[in-house]
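Dear colleague,

Please find below the structure that I am handing over to you.

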Amino acid sequence: MLKEATRESYGKALAEFAEKYDLYVLDADLSEATKTKIFAQKYPERFIDCGIAEANMVSVAAGLAASGKTVFASSFAMFLAGRAFEQVRNSIGYPHLNVKLGATHAGLSVGEDGATHQCNEDIALMRTIPGMVVLNPADPVEARLAVKAAIEHDGPVYLRFGRMPIEQILPDDYKFEIGKGTVLKDGTDVAVIATGLMVGEALKAAEMLEQKSISAAVINISSIKPLDKKLILEYSIRCGALVTSEEHSIIGGLGSAVCEAVSEAAPCPVIRHGVEDMFGKSGAAQKVLDYYKLNAEGIVQKVLEAVSLKK
Amino acid sequence: MEEIQKNELKNIALRIRRDIIEQVYNAKSGHPGGSLSIADIITYLYFKEMNIDPSNPKDPDRDRLVLSKGHSCPALYAALAERGYFSTEILKTFRKLDSFLQGHPDMKNTPGVDMSSGSLGQGISAACGIALAGKLDKKNYRVYAILGDGEIEEGQVWEAFMFASHYCLSNLCVIIDRNGLQIDGKCKDVMSSEPLEDKMQAFGFDVKVIDAHDFDDIESAFNTAKNTTDRPTAIIANSVKGKGVSFMENVVSWHGTAPNEQQYEQAMSELKEVR
């Protein structure tokens, strides 16, 4: 099985799909880190370095898209969704332009760079923009497919990638579709709805829960917006308790999106597992994740809470 | 420029100024001061300079205009209507519910609007993107971006200027409407961006300083810009905010205020045709 950071899968996918699609890729002096360099080396004439100026880069991308081009603009999640939020909203979101935001180094797994670079707020920010698609792939296989889906989608897409190498958990022939969740393991007592690198942890947690005679379903929600409400409601009704898990603040991300969906149609207890209302800190990526309990053990704990709340 | 043609442009500019007052008066809101200050340049662009076809507003080979100081859209809407992109009757719907004439330009719904804008500082970057696309595609279109002298206090503008120069966007012509006023007062008191000529030169632009209300000056600057092939052009247009309406000229409060009925009548009477 493959093990690589989803940023790596992103850079490779850009280079791969640029053969078939007329893509332009922008970066803000981070191509080495975002891995758009893989594309730049193969297609230098279609790579535009904007220097350390994300606000300008995002609006330049809008201008290129307004001229008919399919554009990827890349930087760290912090600077793309954070610093350039208002440019994303007004230059790209409002005119619904065909710009794909390739955000790498999302979440705590940035590791050593610490809190200033660990963006745990990007999903919350991006999903409030009307018409914005928000994708957070679970592994290298899905990251590649998400890039392809973004290219084929007409309109703005926010893609969230990580820095830390992660294991492939999905089969090579995995089907990815914007707006669709996938049941990776079925269960009846509780459903763990996970996104990004927490999907792999959720699968491990489900195995640990088997030992405790708790049958947990695991659902991969890589398409946070549009959200597969139908699937989520189905499991809300079937299991009567949900746990969401994400490498993102528990405020505004997948957990919030799931709560919004179920509270309006099929309410049940939902426990949100993710980064509590606090900043991250420096450390080796896996150590930081463990410190904040963003691992299988953390999920198991939340599942036990959720199950105890069932009527 | 020949007198006949100059008078023709002057009359169009007067119509555009009347349209501006009509729009803001009807909407009971909007930005007359900075719209009136760019009226002559907008007139020249849409009636003399730009390669455009109102019956084909999405022509990929057309020249583009990005109104980076988007709040001055009454001037843009007036020019588009007078040029035939849509009926001048529609100007009455400016800023009203369900009108495609939004408070700030909306490229998705307004015929002839090349880029949505209004959040200051972003339009110039988008104009850079459009100009770069033209270079990449080896197209001959030109891109015009109008900025305010208050707007250029936004840091993003200078990121964009660096970009324009770095990528030799000679097909980009930046017009800075230097009317000297911004919402909180005189630019020189609020946040000075002077010496602007020196700054633009240092950022790699070919710089022209003109009288924004003199068609000979305007023509000469745009002609030079077209023949500049190694760098972008910046036209610093010294203008009068509120130009053409005596009581609005150089008065900061007319940045974003609509005239009452009496003021409207007076403004319209001052904007009669020259012949």
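**Salt bridges, cysteines and the chain interface**

At 32% relative accessibility, B:Lys48 counts as partly exposed. Please note at the outset that this is a predicted model, and that every value here was computed from it.

The side chain of B:Lys48 forms a salt bridge with that of B:Glu219, with an N to O distance of 2.6 Å. B:Lys48 belongs to helix H3 (residues 39–49) of chain B and B:Glu219 to helix H9 (residues 215–226) of chain B, so this pair ties together parts that are 171 residues apart in sequence. B:Glu219, at 14% relative accessibility, counts as buried.

A salt bridge between B:Lys226 and B:Glu49 joins these two helices as well, its closest N and O atoms being 3.3 Å apart. Here B:Lys226 lies in helix H9 of chain B and B:Glu49 in helix H3 of chain B, so the parts tied together are 177 residues apart in sequence. B:Lys226 has a relative accessible area of 37% and is partly exposed, whereas B:Glu49 counts as buried at 9% relative accessibility.

B:Lys69 and B:Asp177 also form a salt bridge, in which the closest N and O atoms are 2.7 Å apart. B:Lys69 lies in the loop between strand S1 (64–67) and helix H4 (73–83) of chain B, and B:Asp177 in strand S3 (residues 172–178) of chain B, so the pair ties together parts that are 108 residues apart in sequence. Both B:Lys69 and B:Asp177 are buried.

In chain A, salt bridges link A:Asp186, A:Glu234 and A:Arg238 in a network. Over all chains, the search of the whole structure finds 32 salt bridges.

On the cysteines, the corresponding search over all chains finds zero disulfides. A:Cys239 is in no disulfide, and the nearest cysteine sulfur, that of A:Cys268, is 8.5 Å away; a disulfide would require the two sulfur atoms to be within 2.5 Å. A:Cys239 counts as buried, at 2% relative accessibility. B:Cys187 is likewise in no disulfide, the nearest cysteine sulfur being that of B:Cys73, 19 Å away. At 8% relative accessibility, B:Cys187 counts as buried.

I turn now to the interface. Chain A has 25 residues in contact with 24 residues of chain B. About 1800 Å² of area is buried between chain A and chain B, and carbon and sulfur atoms give 58% of this area.

The count between chain A and chain B is one salt bridge. It is formed by the side chains of A:Lys69 and B:Asp137, which meet at 2.7 Å, N to O. Eleven residue pairs are found in polar contact across the interface of chain A and chain B, with both residues at pLDDT 80 or more.

On the side of chain A that touches chain B, the elements that give two or more residues are strand S3 (47–49), helix H4 (54–66) and helix H6 (85–93) of chain A. H4(A) gives the most to this side, with nine residues. By class, this side of chain A has twelve nonpolar, eight polar and five charged residues.

Yours sincerely

How values were computed: Residues numbered from 1 in each chain as written. Chains lettered and ligands numbered in written order. Predicted model: local features only at pLDDT ≥ 70, side-chain atom pairs only at ≥ 80, totals over all residues. Heavy atoms only, no water. Salt bridge = Lys/Arg side-chain N within 4 Å of Asp/Glu carboxyl O. Helix = DSSP H or I, 4+ residues; strand = E, 2+ residues; numbered from the N terminus. Buried < 20%, exposed > 50% of the residue type's maximum accessible area, 1.4 Å probe, protein only. Contact = heavy atoms within 4.5 Å. Buried area = accessible area lost by both parts, 1.4 Å probe. Polar contact = N/O pair within 3.5 Å; in protein donor to acceptor, adjacent residues only side chain to side chain. Nonpolar A, V, L, I, M, F, W, Y, C, P; charged D, E, K, R; others polar.
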